[in-house]
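Let's take a look at how parts of a protein chain meet one another. Have the viewer ready, and follow along as we go.

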Amino acid sequence: MTSDIWLPLPADGIEGLPEGPRYLFWDGGEEYPADPAECAFYVVPYMKGPEIAVRPLAAMTSVRVIQTLSAGTDHVTPALGALPAGVRLCNAKGVHEASTAELTLALILASLRGIPGFVTGQRQEEWRSGFYPALADKSVLIVGYGSIGEAIEDRLTPFECARVVRVARSARTTERGAVHAFTELPQLLPDADVVILSTPLTEGTRGLAGAEFLAGMKDGALLVNVARGAVVDTKALLAETGSGRITAALDVTDPEPLPAGHPLWHAPGVLISPHVGGSTSAFLPRAKRLLAGQLTRFAAGEEPRNLVLTTG
């Protein structure tokens, strides 16, 4: 039985890896470290784009687990149809929650308190004093209440928000309270001062924040997208921000990376960060712990954690 493990991190830098398998380093380079047909466990290179992520998959005829180092798996799933039945796809739950939630709060606070304008004012030696919106007493709507949504609420708690409303694919009850279904969004959007998108990109969420969704947001509301760019209809967002009716803070865009000359760069009231929600100093230690745990389970013949789907 094949036992090659492809890692985008050097194996000697990961504590706790089980002995036995052959660990091979591949971070998306032109040359493969060995025959892909001998790979049993494939860890997808991080932030290298979908073309590199799926390039070896068609030849990985013996692969049994595909592990992403991202919370989302939408860059891999389109290529899974060529794989044999029984291959497990796992995501990086537990790796990005803290960093993504931190950036979410940073984007909210920077947008509400006018930080981009202050930066411009400093460059121009202008003292831009005045009254600015606070996060305190605001109503916040989290659309996509998984582990990242929970981490965002953890960090919202000290800010004295008027309320935090949770939305996910299916309604449920948590220790913090109700989680509403996506179908309830038309009733929930008009009350939200801040709308946070933290949902995975699926066929059900692609274009979720389209013209109707955005029109349902209250005047002056802030849209924050830390999910995937395609969750938002860019054309519809440009129309709403262009009118000045709503503002936006985006860590992800559609297209991405955002090309020079794209109107989003200069859209009024739009703050853009370059998809850095998870790429912080917190990534590497958490990613290494995840891989050590997953590979220990794999070597012992146990089911991996963070299972997203099984082919077949």
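Predicted model: local features only at pLDDT ≥ 70, side-chain atom pairs only at ≥ 80, totals over all residues.

**Two helices side by side**

Two packed helices are described by the angle between their axes and the distance between the axes. Helix H2 covers residues 97–113 and helix H4 covers residues 147–156. They pack at an angle of about 50°, and their axes are 8 Å apart. Oblique is therefore the word for how H2 and H4 sit to each other. As for handedness, the crossing of H2 past H4 is right-handed.

Which residues do the meeting? On the H2 side you'll find Glu97, Ala98, Thr100, Ala101, Glu102, Thr104 and Leu105. Across from them, H4 brings Ser147, Ile148, Ala151, Ile152, Arg155 and Leu156. Sort this contact by class and you get 7 nonpolar, 3 polar and 3 charged residues.

**Salt bridges**

How many salt bridges does a search of the whole structure find? The count is 14.

| Salt bridge | Closest N and O atoms |
|---|---|
| Asp4 and Arg22 | 2.8 Å |
| Arg176 and Glu153 | 3.8 Å |
| Arg297 and Glu302 | 3.7 Å |

Start with the salt bridge of Asp4 and Arg22. Asp4 belongs to strand E1 (residues 4–7) and Arg22 to strand E2 (residues 22–25), so this pair ties together parts that are 18 residues apart in sequence. Is each partner buried or exposed? Asp4 has 6% relative accessibility, so Asp4 counts as buried. Arg22 has 44%, so Arg22 counts as partly exposed.

Next up is the salt bridge of Arg176 with Glu153. This one links distant parts of the chain, 23 residues apart: Arg176 is in the loop between strand E8 (172–174) and strand E9 (177–181), while Glu153 is in helix H4. With 38% relative accessibility, Arg176 counts as partly exposed, whereas Glu153, at 6%, counts as buried.

Arg297 has a relative accessible area of 19%, so Arg297 is buried. Glu302, at 42% relative accessibility, counts as partly exposed.

Conventions: Residues numbered from 1 in each chain as written. Heavy atoms only, no water. Axes fitted to C-alpha atoms, helices over the stretch in contact; angles between N-to-C directions. Helix = DSSP H or I, 4+ residues; strand = E, 2+ residues; numbered from the N terminus. Parallel < 35°, antiparallel > 145°, perpendicular 65-115°, else oblique. Left-handed = near helix turned anticlockwise from the far one by under 90°. Contact = heavy atoms within 4.5 Å. Nonpolar A, V, L, I, M, F, W, Y, C, P; charged D, E, K, R; others polar. Salt bridge = Lys/Arg side-chain N within 4 Å of Asp/Glu carboxyl O. Buried < 20%, exposed > 50% of the residue type's maximum accessible area, 1.4 Å probe, protein only.
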